[in-house]
Amino acid sequence: MSDDGTTPAPHSAGGGRTCLVTGATGYIGGRLVPELLDAGHRVRCLVRTPHKLRDQPWAGRVGIVQGDVTDADSVARAMRGVDVAYYLVHALGTGRGFEDTDREAARVFGEQARRAAVGRIVYLGGLTPQAVPERELSPHLRSRAEVGRVLLASGVPTAVLRAAVIIGSGSASFEMLRYLTERLPVMVTPRWVRTRLQPIAVRDVLRLLTGCAHLPPEVNRTFDVGGPDVLTYVDMMRRYAAVAGLPRRLIVPVPVLTPGLSSHWVGLVTPVPASIARPLTESLRHEVVCRENDIERYVPSPPGHPIGFDRAVDLALQRIRDAQVTTRWSSASVPGAPSDPLPTDPDWAGGSLYTDVRVRDADVPPGALWQVIEGIGGENGWYSFPQAWAVRGRLDRLVGGVGLRRGRRDARRLRVGDSVDFWRVEEIEPGRLLRLRAEMRLPGLAWLEMRVDGDGHGPVRYRQRALFHPHGLLGHLYWWGISPCHAVVFGGMARNIVRAAERLASSWDEPGTSASSGLAVAEDRGARTSFRRPPGRS
């Protein structure tokens, strides 16, 4: 990074344009950047905190300017040599005065774009209702509309895309829909659940934003953008439940819940902050349906687009349903699609995924720790509270599950697809990672990850993570109900795995004991931790 806080973008061959993206740490911006790169464009990001981008897989392919959209100097630096500037920021959730902040930021952005001779501004705003005076709009929608007007009047050709609810994991509107539907089988709801909306898939939003880089210079206008379905919020909740495999939701609207009360209701039921929930619920008072589809003339839809609501929800849920849980231990996952969660999404995004994480230092060679991990289950047991595991196995059998009787194919070695009691090996990186997916009967999806950190030249650490994605309200109740047992079951498991590895490592130094037979020695000495010598071991 240079003295002025700028990191240059790597050179990109070809005829792509230089694009500035604001809001690259946000929901849309973080997903737009790789789309622009894949389209052959050069990308520069204006961000207040550049380190938030360090875990993005595309971070090394973009230029970075540290600054703020309200600071004219940093915006001017970011605009140098830019062909297309994407304005994807807003002050929603920052408290009172956010409309003034939005107005000033848009003014600075447009002015600096004009001075830098930028060819185009592209802004993603909110779809506003027809024939409703602006003074009657929610502050959120009113501010979005004003920002669009400021940018259109900047003297730089501007495309303002106006969208209603964006369907994709991480979108605040979608997360609110997700949590309300998953957590409440019976809902007493405000009147706005009967309001008609025209949702749009995040993939279509990104496709249109990317396509706007090539709009003719004479285009300076707003475009309504939406998917093929016009639905009420009730329709959306019921169709979400159907796609997610949840029972049909019973929804009873009542007229007494004002938008303000609704935001508190949403805050009580979901983790979406009230500062965000309130402007969202206020925006749902009025019907927001596209009045034109002129964007199609400039950015034609490919086959299969625009994506319908059910398919958009299915894509948003696919990552969890297909068990594409990251093999990394940080939240810095590498998404495979725009509808997947990103590292920069807020903590409440992505649906509920409960975790129990245990980390312990191990004064052993990595190979000893891995040998214990790979030998888990079957005759070796689960290294903690054997009665609890046995009871869980019997309960699973009673409800038609597989129970603990399957054991293991091989007492020492595992491969992807192997069954291990009521788990199945989903991923294995020899010497480093074992991930098991639960096949017991559960009101949700569950995984257990065990990892060895260390290469033998420094400290070795054992990391264990249990994950649970609840299915409906019963899933949440299940996790909350068993959480008090985790310290005993998972805490004891982590502790005893490390102890077993220590005994195994010490046995390797004993005369006449090989590494291949050392696990049996460790097991004999550690019988009190509830694992046994497998048959045939010497």
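A salt bridge is a side-chain nitrogen of Lys or Arg within 4 Å of a carboxyl oxygen of Asp or Glu. Side chains of opposite charge can pair when their charged atoms come close.

This is a predicted model, in which local features need pLDDT of at least 70, side-chain atom pairs count only at pLDDT 80 or more, and totals for chains, interfaces and linings use all residues. Residues are numbered from 1 along each chain as its sequence is written, and side-chain values use heavy atoms, with hydrogens and water left out.

The structure holds 27 salt bridges. Three of them are set out below.

| Salt bridge | N to O distance |
|---|---|
| Arg 107 and Glu 104 | 2.6 Å |
| Arg 115 and Glu 111 | 3.4 Å |
| Arg 239 and Asp 310 | 3.0 Å |

**Between two helices**

Start with Arg 239 and Asp 310, whose side chains meet in a salt bridge. Where do Arg 239 and Asp 310 lie? Arg 239 lies in helix H7 (residues 233-244) and Asp 310 in helix H11 (residues 309-321), so the pair ties together parts that are 71 residues apart in sequence. Helices here are DSSP runs (H or I, at least four residues), numbered from the N terminus.

How open are these side chains? Buried means under 20% relative accessible area, exposed over 50%, and partly exposed in between (1.4 Å probe, protein chains only). Arg 239 has 28% relative accessibility, so Arg 239 counts as partly exposed. Asp 310 is at 32%, so Asp 310 is partly exposed.

**Along helix H3**

Now turn to helix H3 (residues 98-115), which holds both Arg 107 and Glu 104. They sit 3 residues apart, about one turn of the helix. Arg 107 is partly exposed because its relative accessibility is 38%. Glu 104 is partly exposed at 33%.

Arg 115 and Glu 111 are in helix H3 too. They are 4 residues apart, so about one helical turn separates them. Is Arg 115 buried or exposed? At 57% relative accessibility, Arg 115 counts as exposed. Glu 111 has a relative accessible area of 24%, which means Glu 111 is partly exposed.

**Helix H2 and what follows**

Helix H2 covers residues 72-79. Which residues of helix H2 are buried? They are Ser 74, Val 75, Arg 77, Ala 78 and Met 79. Just after H2 comes Gly 81, with a positive phi of about 75°.
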